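Colleague: I have a new model on screen and would like to learn how to read it. Could you take me through its features one at a time?

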Amino acid sequence: MTGLAVIVLAAGQGKRMKTTLPKVLHPVAGVPMLRYVLDVAQRLQPDVIIPVIGHGREQVREFLATQQHLPLTIVEQPEQRGTGDALMVTKSAVDDRIRTILILNGDVPLLTDETIKRLLSIQEHEQPSVTMLTASIPNPKGYGRVVRSEGNRVSKIVEEADASPEERKILEINAGTYVSTPSFLYSALGAIQPKNAQKEFYLTDTIEIAVAKGKGVAALLLDDPAEAHGVNSRADLANVEGVMRWRIRERIMAGGVTLVDPQSTYIDYAVEIGQDTVVYPHTALEGATTVGERCVIRSGVRIADSMLGCAVTILDSSVISDSHIRDEVVVGPFAHLRPGSVLEQKSKVGNFVEMKKTVLGRGSKASHLSYLGDSRIGRDVNIGAGTVTCNYDGTQKHETIIGDGTFVGSNTALVAPVKIGSGALIAAGSTITNDVSPDELGIARSKQVNKPAKGLKRKRKQVSS
Ligand code: UD1
Ligand code: CA
């Protein structure tokens, strides 16, 4: 929409959260709540998005730096003197092109595109001084109440702290979302005073000014009041998280994914899952994870910031982070893939195997009880049960390189740096400290000695009797 500026109020401290992290950076379904507000703003294609920052500005700036795709003009509010003051500092960032201003609270992350579009369309057609969003909720505690006069017209907003007992009974609340024009807004803001219980400049006081001196106020009452849910406390955060999680589950299921028990499947905002994938109960898919089509993810699995191809099976109780898993791979049960694990097509990582910064080649298998770190393992390699790469010498990490078609016998220690040539064979129980050339047999263990067991046998009997 041309001529539109979206202002996002995000400078507040969030006292009621009792936190050192700026409130708007608290995650909801894995991303800072501010991200939802910015994304809703972005989908309107405005000329500019103006976040107002203040409390914890360095951290908020750091997050905003990750949102380079947005048309941001960041404004700092030096002192947090209220929402009216926050808006006032945006004046210089709003240029002549701007005809409409949409104001969003950075701590109200559940608003939908449809609602905002309806709000903008009311403003466009009725042209009041302000169009505001309201909701009717059973427990309005903490929100500004919408006071209506005869004819049911909005006359003012009164904050909880300033409300009379009668006004506190009002169930219609201010959602903190407004559409207005620069000319009305900045002149009205010039007239407000911090004469209230909190001694703050209230943006909401502009509503009374619009009624008295302007072209009035239009109000849109939300069909689904959950959209207006603000986050002022940890309990609010948990409620908002719950709503957002359901929205994500519904989006994922609508895309053709089976969630066997949606309630216990935790999927973050940025996660994508391909069609006909089945996700079992008690699973968490986090961060920037993508899962391909026809995968099966069994119970107790946590996957973070990882990419899974198609037809991948992740068996129960596996933990995967920052890893890359290609098509038709099987992982688990009880596997731990740490950052930098790459599992090529049709490879297999089984029970109690831990991997880190390791490439496991196409069709290769590490089926049981292994640690593979800082390694490059070729194709069709068999890593025997209990193989351990000894990658750390106490100060530095070293690499293990294993060529194609190698067979590593069980209970092998590979002391890095070490290279095993392709087609080599490592005898079970070896401690390999020197490179093994292609097609060689490496064996490094003490020779077995068999002796008569006569005396020993009797001793054992005595012990057990
Ligand atoms: C505000 C509204 C209230 C509404 C509610 C909806 C006012 C005076 N009250 O109350 O009517 O029902 O939102 O959620 O506007 N902020 C700044 N600078 C400041 C103060 C706040 O940028 O100096 C930002 C905060 O970061 C937050 C937003 O403005 O994102 C709202 O501030 P908050 O203190 O949470 O206001 P509420 O008490 O929730
Ligand atoms: Ca709030």
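Predicted model: local features only at pLDDT ≥ 70, side-chain atom pairs only at ≥ 80, totals over all residues.

Colleague: What is the volume of the largest pocket?

Modeller: Start with the term. On a 1 Å grid over the protein atoms alone, a pocket is an open set of points where a 1.4 Å probe fits, with protein on both sides within 12 Å along at least five of seven lines; lining residues have an atom within 4 Å of a point. Grid points are joined across faces, edges and corners, and the volume is the space filled by probe spheres set on the points. Here the largest pocket holds about 1100 Å³. Its lining has 39 residues, and Arg-16, Thr-83, Asp-107, Glu-200 and Asn-232 are the closest to its centre.

Colleague: Which element gives the most to that lining?

Modeller: Helices (H or I, at least four residues) and strands (E, at least two) are DSSP runs, numbered from the N terminus. Strand β10 gives the most to the lining of the largest pocket, four residues. β1 (4–10), α3 (83–88) and β10 (172–180) each supply at least two.

Colleague: And the second largest pocket: what is its volume?

Modeller: About 400 Å³. It is lined by 19 residues, with Asn-139, Lys-141, Tyr-143, His-229 and Asp-236 the closest to its centre. Helix α8 (residues 234–254) gives the most to this lining, with three residues.

Colleague: Which residues coordinate the calcium ion?

Modeller: Donors are N, O and S atoms within 2.8 Å of the metal (3.2 Å for Na, K and Ca); water is not among the atoms, so sites may look incomplete. For the calcium ion (ligand 2), they come from Asp-107 (OD) and Asn-232 (OD1), at 2.2 to 2.5 Å. The two sit 125 residues apart: Asp-107 in the loop between β6 (100–105) and α4 (113–126), Asn-232 in the loop between β11 (217–221) and α8.

Colleague: Is Asp-107 buried or exposed?

Modeller: Buried means under 20% relative accessible area, exposed over 50%, partly exposed in between (1.4 Å probe, protein chains only). Asp-107 has 13%, so Asp-107 is buried. Asn-232 has 15%, so Asn-232 is buried too.

Colleague: What does Leu-38 touch?

Modeller: Contact means heavy atoms within 4.5 Å. Leu-38 lies in helix α1 (residues 33–42), and at 0% relative accessibility it counts as buried. Not counting residues up to four places away in sequence, Leu-38 touches Val-8, Ile-49, Phe-63, Leu-64, Gln-67, Leu-70 and Leu-72.

Colleague: Where does Ser-347 lie?

Modeller: In the loop between β26 (342–343) and β27. Ser-347 is buried, at 1% relative accessible area. Its contacts, leaving out residues up to four places away in sequence, include Glu-328, Leu-360 and Ser-364.

Colleague: How many bridges join β27 to β28?

Modeller: Two strands pair if DSSP finds at least two bridges between them. Ten bridges join β27 (residues 348–360) to β28 (residues 365–377), and the strands run parallel. Asn-351 stands opposite His-368 in β28. β28 also pairs with β31 (residues 400–402), in the parallel sense, over three bridges. There, Arg-376 has Ile-401 in β31 as its bridge partner.

Definitions and conventions
Residues numbered from 1 in each chain as written. Chains lettered and ligands numbered in written order. Heavy atoms only, no water.
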